[in-house]
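Here are my notes on the model you sent over. Have the structure open while you read, and we can go through the points together.

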Amino acid sequence: MTRFPIEEFTSLQTPFYFYDLKLLERTLKEIKRTARDPRFKIHYAIKANANPGILRSIQAAGLGVDCVSGWEIEAATEAGFRGDRIVYAGVGKSDNEIRLGLDMDIECFNVESEPELRIINELASEKNKIAKVAIRVNPNIDAHTHAYITTGLAENKFGITIEQLPEIIAIARELPCVELRGLHFHIGSQITETEPFVMLCETINRLQDEYDKIGVSFATINVGGGLGIDYAHPERHPIPDFESYFMTFHNHLKLRSGQELHFELGRSIVAQCGSLITKVLYIKEGSTKRFAIVDAGMSDLIRPALYNAHHKIENITNPNDDLHHYDVVGPICESSDCFGQGELLPCIKRGDLLALRSAGAYGEIMASRYNCRPFPHSYFSEN
Ligand code: LLP
């Protein structure tokens, strides 16, 4: 259970992110315990949160890292991740980003198109290197999640289709400066059902059977990330059900001998350890509503405005008072700058601190400077 040191908070400039490092440590331990199959290799999707304090714990726990830009490769390297534990995806890798990956001798480029494959080959050749690559396949599986965060459907921009796969594999095998290591998949994010992952396993099994017949084998299979978390009940489920997640792959995916299975988990590792702490500026009575106007806005946490996401809101100054309804809104000049409508919360007064929970993933990292606001600071629990 995350404990908020409220006395210490009162002297800090709000809004800020607060990270419960103990919970992060427990989450990482649980991953180690449940991903005990030695063929399983976990990479942290750094896009979820690249705060150096968070990266340090994840790196120390022995995870690899999944990057989607050269800047993420730099952030990972600064946090101590070795090149040979970095995988790198993205539909639009620039030449300089590819060169950086080559200089770092990264573990794998997850290639998303034929022209990209050819450019990686060309740039590797200039450096007299062999680039390790996996082909990102779009398996056309509906992950039953928000339209903006499904990535595995046919009309998405990511990866190549199953129909295009034989041709791109043939090209990869011919190009002299790439080594085809495996296949990469990612079907979406915040997936809370098992079924899409089972379907992914079945698709991979079918593909591998086909390729076995023509003598093509892969050293790695990468199933991406996507495991969802409980936004409604962060206290009840502070750590996602990694046991069943990994068991699903253990039970349904037929790995070939010597094959490694890579995962790229982001949200499930860091979401629950982070909260955005904000101060109430005003209580404003509307004609039918009561607004709690807070000093954090969509520039600090954009998920509600962008995806209609809901983060549980708690009054941490005054948790036991009578309950009232509030619309909790930020100071930014956009109607979508709203964290919750009709929230039932213990009586809120000016100066109270509210916690927006489960904000450790895609929170701080997606902050902007809209309205010339500064980026939020971050603080960590004493470990
Ligand atoms: N691997 C690839 C190739 C990805 O595109 C992603 C996330 C991940 C791994 C990590 O997925 P996770 O385990 O975190 O679900 N900003 C959105 C989420 C965007 C996810 C993008 N890709 C949000 O706030 O919900």
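1. Let's start with H4 and H5: helix H4 (residues 70-78) packs against helix H5 (residues 95-103) at an angle of about 30°, with the axes 9 Å apart. Helices here are DSSP runs of H or I with at least four residues, strands are E runs of at least two, and both are numbered from the N terminus. Axes are lines fitted to C-alpha atoms, for helices over the stretch in contact, and angles between N-to-C directions run from 0 to 180 degrees. H4 and H5 are therefore roughly parallel to each other (angles under 35 degrees count as roughly parallel).

2. Who touches whom in that pair? Gly70, Trp71, Ile73 and Glu74 of H4 meet Glu97, Leu100 and Gly101 of H5, where contact means heavy atoms within 4.5 Å. By class, that contact of H4 with H5 has 3 nonpolar, 2 polar and 2 charged residues. For the classes, Ala, Val, Leu, Ile, Met, Phe, Trp, Tyr, Cys and Pro count as nonpolar, Asp, Glu, Lys and Arg as charged, and the others, Gly among them, as polar.

3. A word on the ground rules. This is a predicted model, in which local features need pLDDT of at least 70 and side-chain atom pairs count only at pLDDT 80 or more, while totals for chains, interfaces and linings use all residues. Residues are numbered from 1 along each chain as its sequence is written, and side-chain values use heavy atoms, with hydrogens and water left out.

4. Next, H2 and H3. The axes of helix H2 (residues 21-34) and helix H3 (residues 52-60) come within 10 Å and cross at roughly 30°, so H2 and H3 are roughly parallel. Their crossing is right-handed (the near helix is turned clockwise from the far one by less than a right angle). H2 brings Leu21, Leu24, Glu25 and Leu28 to the contact, and H3 brings Gly53, Ile54, Ser57 and Ile58. The residues of this contact of H2 with H3 split into 5 nonpolar, 2 polar and 1 charged.

5. Then H8 and H9. Helix H8 (residues 195-213) packs on helix H9 (residues 242-252) at about 30°, with axes 9 Å apart, which makes H8 roughly parallel to H9. The crossing of H8 and H9 is right-handed too. On the H8 side you'll find Phe197, Val198, Leu200, Cys201 and Asn205, and on the H9 side Tyr245, Thr248, Phe249 and His252. The contact of H8 with H9 has 6 nonpolar and 3 polar residues, and no charged ones.

6. Now the ligand. It is surrounded by 18 residues, the closest being Ser189, Glu264, Arg303, Tyr307 and Tyr362 (a residue is near if one of its heavy atoms lies within 4 Å). A ligand oxygen atom is 2.4 Å from an N or O atom in the Ser189 side chain. Arg303 has a polar side-chain atom 2.6 Å from an oxygen atom of the ligand. A nitrogen atom of the ligand sits 2.7 Å from an N or O atom in the side chain of Tyr307.

7. Finally, the backbone. The Thr14 to Pro15 peptide bond is cis, with omega near -5°, and Pro15 lies in the loop between helix H1 (6-9) and strand E1 (16-19). Asn140 has phi near 55°, a positive value in a residue other than glycine. You'll find Asn140 in the loop between strand E6 (131-138) and strand E7 (160-161).

Technical notes: Parallel < 35°, antiparallel > 145°, perpendicular 65-115°, else oblique. Polar contact = N/O pair within 3.5 Å; in protein donor to acceptor, adjacent residues only side chain to side chain.
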